[in-house]
Amino acid sequence: MEAAVAALEAAAEKTARAASAAKEAAVAASAAATEAAGAATVAKEAAMAALDTAEQAAAASSAAKEAAVAAEAAAAATARELAAAMRCSKKRRFHQIDDGGSRSSRDDRGNLDLISALPDDVLGSIISRLPTNDGARTQAISRRWLPLWRSAPLNLADDFMGSALVSKILSEHRGPARRLSLKLLCPIEVIDGWLHSQALDSLEELDLADIRDIPLSVFRFAPTLRFARFSRCGLPNSISSLRLNFPCLKQLTLSGISIIKDALHNLLSGCTALESLELTYIYGIGAICISSQTLRSLAFNRCGSKTLQLVIKDAPSLERLLPLYLDWGTLTIEVIRAPKLEVLSLLSEGLSKFQFGTTIFKKMIAVSLTTKIHTMKVLVLDSIGPNLDAVVDFLKCFPCLVRLYIISHPTKDMNNARKYDRLDPIECLELHLKKVVLMNYDGSKRPSVEFAKFFVLNSKLLKEMEIEVLNNRNDKWMANQRKQLCVDNRASRDARIELKIGTKKSDLRRMDTHDLSMSDPFESGAFC
């Protein structure tokens, strides 16, 4: 009995010790949890502080960018004003005054000339933005301006200048050349001599036009060129065998030139930093293959031959693919790899075949829709009818489309009375499409009205719909069209539907394809 009691007491004591240990462990765990909670709070506050710092840095960066743009615009505006003043008042005189070392001056009316008080580098930047003749004439303003032009970055454009004057400027100018623009029909020996001038050793911008045979000396600027344009020129076929390297070239325009396939591909392969390429009216070539790690925008139109095959083989940075005009013979486009493509125009029945992966369109009709492109945000279509069935197939191909532009060619025999199948929803209409622009709208033709109403009734996130009316209409006609389109059962109650009169048929006009600052290059009036 005593042994049993002793065993029970020992077990009780052991249980008590275990309970005490458990209590201490619980207290320690509670303290650890409290400490962890405190650490989490500190981490959260640090994360919030980091987020605020990041937002402030982003705001500061944006403000700095805006300030830089404003400064650039101010310099350009000052240059324009100075040029205008010089042209309108050639006899105006400036008198240098000695004001304790100040560079201020006054004109013949006693007004303080604040521009002359600016630092040399600022005045040089202003002068470099003037036309060549006006830049040279700034030497006549006063003694303060006399040495500035010869040392300022040279902006040499041969408009209204003869070859003798160009030669004189290149021989006398001491400043670095920033831009050279030549549009003279001169002997190749003269042009070659200009291109060898030491004043052009650090050339950044080159614009050559109407030069039948461009000399090879033009490629000596390859290390420094940032922008290049060749218009109505003949590039030597021998460049197909040269080892070309343009490490700084960002923008390249080839227009109206004659070049063989190997020479073109060798030229493009040497542009290792190229971001924007425009090819228009290229002669002597029927197939173009694009492989570039840096290219963001590719614009092109009909080449010299009536058949063009464009293959985007590998373009991991490509954001824009821009066929510009509709005067095609036979055009095929195949996109093999372009994982960032967001903007596509101008697709029309003039496009014989468009292939993206395994998805194929032939003359705007879907043959296969097995590949969907989720990166596409902006699309421009040219549609006869307009053809709603064809457009809907493109919406299925590009399910994340945000903006849709339609250049229509109204007909009476197109059937657009299509009902939206809710059991087979179109992702684009359900979740993404916010803007529709319909050009050449003819409300007197039923297919045009049905086409417009399809988007009004089914685009759930639609914010704005712009409808450009073909031909001038009276107020009663416009009111009737608004009544037909601004229906109570529209899918988006917030949609703003605007009808406006168009003076002529809209088409894609000449646009600045090198401007990459906007996510939607058609937003600011790219049609006329």
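Hi everyone. Two strands pair if DSSP finds at least two bridges between them. Keep that in mind as we look at the structure above, which is a predicted model.

Let's begin with the strands. β8 covers residues 251–255, and five bridges join β7, residues 227–231, to this strand. β7 and β8 run parallel. If you want a residue pair to click on, take Arg 229, whose bridge partner in β8 is Thr 253. Now turn to β9, residues 276–280: five bridges join β8 to β9, and these two also run parallel. Here Gln 251 stands opposite Ser 276 in β9.

While we are on strands, have a look at Leu 182, in strand β5, which spans residues 177–182. Is Leu 182 buried or exposed? Its relative accessible area is 2%, so Leu 182 is buried.

Next, a couple of loop residues. Ser 197 is found in the loop between α6 and β6, and with 12% relative accessibility Ser 197 counts as buried. Leaving aside neighbours within four places in sequence, Ser 197 is in contact with Leu 170 and Arg 220.

Met 376 also sits in a loop, the one between β18 and β19. What does Met 376 touch, not counting residues up to four places away in sequence? The list is Leu 341, Glu 342, Val 343, Leu 344, Phe 398, Cys 400 and Leu 401. Met 376 counts as buried because its relative accessibility is 0%, and the cut-off for buried is under 20%.

Ile 115 is partly exposed, at 32% relative accessible area. Together with Leu 118 and Val 122, Ile 115 forms a nonpolar patch on the surface, with about 180 Å² of accessible area.

On to a helix. α10 runs over residues 446–458, and its 13 residues reach 18 Å from first C-alpha to last, close to the 18 Å expected at 1.5 Å a residue. This helix is mostly covered, with ten of its 13 residues buried. Among the buried ones are Phe 451, Phe 454 and Phe 455, and also Glu 450 and Asn 458.

I've kept the salt bridges for last. How many does a search of the whole structure find? The search finds 19. One of them joins the side chains of Arg 337 and Asp 314, at 2.6 Å from N to O. That pair links distant parts of the chain: Arg 337 is in the loop between β14 and β15, Asp 314 is in strand β12, and they are 23 residues apart. Both partners are partly exposed, with Arg 337 at 40% and Asp 314 at 23%.

Another salt bridge is formed by Asp 520 and Arg 403, whose closest N and O atoms are 3.1 Å apart. Asp 520 lies in the segment after β23 and Arg 403 in strand β20, 117 residues apart. At 1% relative accessibility, Asp 520 counts as buried.

Then there is Lys 460 with Glu 430, at 2.8 Å between the closest N and O atoms. Lys 460 is in the loop between α10 and β22 and Glu 430 is in helix α9, so this pair ties together parts 30 residues apart in sequence. Lys 460 is partly exposed at 40%, whereas Glu 430 is buried at 18%. Finally, salt bridges with shared partners join Lys 250, Glu 275, Arg 296 and Glu 319 into one network.

Note on methods. Residues numbered from 1 in each chain as written. Predicted model: local features only at pLDDT ≥ 70, side-chain atom pairs only at ≥ 80, totals over all residues. Heavy atoms only, no water. Helix = DSSP H or I, 4+ residues; strand = E, 2+ residues; numbered from the N terminus. Buried < 20%, exposed > 50% of the residue type's maximum accessible area, 1.4 Å probe, protein only. Patch = residues over 30% accessible without salt bridge, like charges linked within 9 Å, V, L, I, M, F, W, Y side chains within 5 Å. Areas by Shrake-Rupley, 256 points an atom, 1.4 Å probe, with all protein chains shown as cover. Salt bridge = Lys/Arg side-chain N within 4 Å of Asp/Glu carboxyl O. Expected span 1.5 Å × (residues − 1). Contact = heavy atoms within 4.5 Å.
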